[in-house]
Structures are given as C-alpha cells and as structure tokens.
Amino acid sequence: SVMATPRADDWSWFPALALGVSFLKCILINAYHSTDFEVHRNWLAITHSLPVSKWYHENTSEWTLDYPPLFAWFEYSLSHVAQHFDKEMLVVQNLIYTSPATILFQRLSVIVTDIVFIYAVKECCRSVREEKGSKDLLGHPFFILAALLLWNFGLLIVDHIHFQYNGFLFGILLLSVARHLQGRHLEGALLFTVLLNLKHIYLYIAPAYGIFLLRSYCFTKDNTDGSVRWSSFSPVRLVALGSIVISVGALSFGPFIAMPAVLSIWCRPRGARGFLRCLVVCALGSFMFGWHVHEKAILMAILPFSILAVESREDAGIFLMLTTTGHYSLFPLLFTAAELPIKVLLMLLFTLYSFTSLKKLFRGSLLNPLETTYLLGLVAVEILCEVVYPLSPWQHTLPFVPLLVTSVYCSLGVSYSFIRLYVSLLRQHGTDKHKQL
C-alpha cells in the first residue's frame, strides 16, 4: 500500500523540522563567536561566585551585568550546570576564558534553551487561520510558518554563530503572542511581564501590549460603531492585570511617546491580530530610530511578522522585503572570512524557501518589478563589499565604506517596509470608517 502523506494538523512532521535545525546548530558549535560569548561567560561567573548584593556592582570585567534581574537568575541557573563542564569558567578573574569545555557548554546552553522557542512556534502555528493554502503539507500555512520561524536565518547567525540567547527570549515573546491569539490574555500578559524582566529591549513593544490589554481586555464591549463603550470597563480585570505585573516585579515605565499605531488599537481595535500588527510596527519603528544601536533588534519585527505573512497576501509581500533586507543587514556581524560561505549559503536557502513557499501559498508573485530589482541589488552590494572593494586601494584608507554601503542600502528596504506597514494600518482604519457610513 502507498504510504499516506503526513497531514499538517497531525504534527508528526514538526519534531523532524525542529530536530533538523537543532542538528545544524550543533554543526556550528565551533564557529566564530563574538565578544557576547565572553559577556555571558562573565555573567555566569558573577552570578555563581558572588552574593546577590554584588551582582550589579562587580566590574572586574568591562562586561558588567546589565540585564534585568530575571536574566541574572537565568545565568545563575545555567552556572550550576556549567560547573560540571569546567569550573574555571566560573572564576570572575578569568577574563576572556574560552576553553573547549566552556565553548561546548555555552553553545549547548543556547541550543537546549531553544526548546522554549520550539514550543512557542508550535503554539503560533496552532493559532494560524487556515483559509489559505493547499491541502499538501509543504503548502500548508502551518508548515510554512514553522519553517520560517524555526529556520530563521537571522536567529541562526545571531545566536549560534555570533552568540546570544535570543531564541529563548523570542520564544517567550511568541508564546505570549500565541496566547493572545488564543484569547488567553492573562497568560499572554504574564509571559510578556516575565520577558521585560529578562531583557529590557522589549520595552520597544510595551506600548502595543499596554494599550491592547487596556482596550480589548479591560473594556469588555464596543459600541456599534466600534468605539469603546466606557460603561463596560471591568475593574476586576484591571486588578487582575495589575496583580500579574506586580507579582512578577515589573519595571517602572517612564513616559512613552504614543505612536499612531498604538492609538489605532484604542480607536479601532481589531482583536489580537490588530495588536500583533501594532507590535510589529512598534518594534520596527523603535529599530529605525535606534539604527546601529542594536542591529539584532530587527528580529523583533521579523519573527512576529511571520505569523501575519502566512495569512495575508499583502503582508507576505512586505514580509519578503523586510526579512530579506533585514537579514542581509546582519551580515557585518559575521566579518571573518571563514563565516562568509556559511552566512551566504544559509541566507540563500532561507530566502529561497521564503519566496517559493509564500508564492505557492498565495498562488502568484508577491513583489512588483521595482521591489524585485531592489532586492537583486543586494547581490551587487555583496559582490562590491566582499570582492571588489577589498581589492581596491581604498581598503586601508577608508575601511568603513562597505559597512556604510550596506547600512544605507538596507535602510532603504527597511524604511520602505515600515512605510508600507503603516499605510496598510491606516488603510484598514479608513476602511473601518467607510463601513460605518
């Protein structure tokens, strides 16, 4: 008898997809690592060797502990496993310590804690609408979204070559988003509060969470025109949210400048998906205003946007522009010659899969000729920066030019994607108004 093709909703394919990328991460264990490797080794040493009162005052290394308390406790927990690999890595005075056992432990700690990300991806896939897509497994939104998230190029190079724990952190973010999509808002709020106490950069998207929960959870009903029904305010729900925030030890937030995207959640709430769109706009807007302050923050927009990309043709087109440009903007993080073929190959594979799977899902091209031409220009930029310019006489006198060219060219694509996202948001707002007339 002919073996039956796996169905998307039986999930038998998911462990294979997750194990496949985990195997690739293991292959990259001995790849180049950045100074972030020493940063986290030092934090392991600080939290393991010193009393809690000294964690945030220890400055033997220039890489002092500067993440919120829950991440410090996360490092503390890891340190108790690390001592079984090499106790010397836990000595504060052992600066720039990179024994083979230390490298193995820190790489494996990222791979193992990615279990949180894997679980979150599965929950996000369960939350996807199924109107689009073919019956076969490879063309199903579940499978496409899982592949786009689990095999995300940017996350692979930032965590498993450059070195960080973004998979663990993004896992908590995506799980929070999934809970909101599933209508489990208190769980979503709890997870995001935990996330803020792990890494403060997620304050970028706190306005989206705050306004969404106040508008769509604390107010239980709308008027017929979609505006808020003030009488439906639930003090009990507000207290429940406040209790969660206080119990996790939430940070005190300073005044935020409200963005129109955030205001749109209040004026015309469109449920958890409207919140998700606003979250992406907040993340991308904050990234643009902090250009080069934290290049890796582009992933904060790309990963959640993947969920919308498998549900809407327009979003899929914007996603392809943003993810291709945003991922290429991470290339300068891996600047050694040995990693050049790795990053090029991984990005090519991920980009080709993104284009072919989304094109199949929505049955047609998703980009116009001008957008396609711009993305092809990235090939010319790469050849210029990696082949032509190093052979020129300006390589030694003006070594920053390749980085400048990459930054400026990528800024065009990211800015264009941001504008299109905002236009789509405002157009939806205008459509809502038109329906009421």
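**Figure 1. Close-up of the salt bridge between glutamate 187 and arginine 179.** Glutamate 187 is partly exposed, because its relative accessibility is 34% (buried means under 20% relative accessible area, exposed over 50%, and partly exposed in between, with a 1.4 Å probe and protein chains only). Its partner in the salt bridge is arginine 179, and the closest N and O atoms of the two are 3.1 Å apart (a salt bridge is a side-chain nitrogen of Lys or Arg within 4 Å of a carboxyl oxygen of Asp or Glu). Arginine 179 counts as buried, at 5% relative accessibility. Both residues belong to a network of salt bridges that links Glu123, Arg126, Arg179, Arg184 and Glu187. The model is a predicted one, in which local features need pLDDT of at least 70 and side-chain atom pairs count only at pLDDT 80 or more, while totals for chains, interfaces and linings use all residues. Residues are numbered from 1 along each chain as its sequence is written, and side-chain values use heavy atoms, with hydrogens and water left out.

**Figure 2. Close-up of two further salt bridges, arginine 215 with aspartate 222 and aspartate 315 with arginine 277.** In the pair formed by arginine 215 and aspartate 222, the N to O distance is 2.9 Å; arginine 215 is buried at 1% relative accessibility, whereas aspartate 222 is partly exposed at 35%. The side chains of aspartate 315 and arginine 277 meet at 2.7 Å, N to O. This pair links distant parts of the chain, 38 residues apart, with aspartate 315 in helix 15 (residues 313-328) and arginine 277 in helix 13 (residues 271-289) (helices are DSSP runs of H or I with at least four residues, numbered from the N terminus). Aspartate 315 is buried, with a relative accessible area of 2%, and arginine 277 is buried as well, with 8%. A search of the whole structure finds eleven salt bridges.

Figure 3. Glutamine 106 counts as buried because its relative accessibility is 0%, and, leaving aside neighbours within four places in sequence, it is in contact with Phe37, His40, Arg41, Leu44, Phe163 and Tyr165 (contact means heavy atoms within 4.5 Å). Other buried residues of helix 4 include Thr102, Ile103, Phe105 and Arg107, and the cover over the buried residues of this helix includes helix 1 (14-27), helix 2 (36-49) and helix 7 (153-163). Alanine 82, in helix 3, is buried at 0% relative accessible area; it lies 24 residues from glutamine 106 in sequence and 8.1 Å from it in space, C-alpha to C-alpha. Beyond its neighbours within four places in sequence, alanine 82 is in contact with Met89, Leu90 and Phe105.

**Figure 4. Close-up of cysteine 282 and cysteine 278, whose sulfur atoms are 4.0 Å apart.** The sulfur of cysteine 278 is the closest cysteine sulfur to that of cysteine 282, yet the separation is too far for a bond (a disulfide is a pair of cysteine sulfur atoms within 2.5 Å). By this rule the count comes to zero disulfides. Cysteine 282 is buried, at 0% relative accessibility, and cysteine 218 is likewise buried, at 0%.

Terms used:
Helix = DSSP H or I, 4+ residues; strand = E, 2+ residues; numbered from the N terminus.
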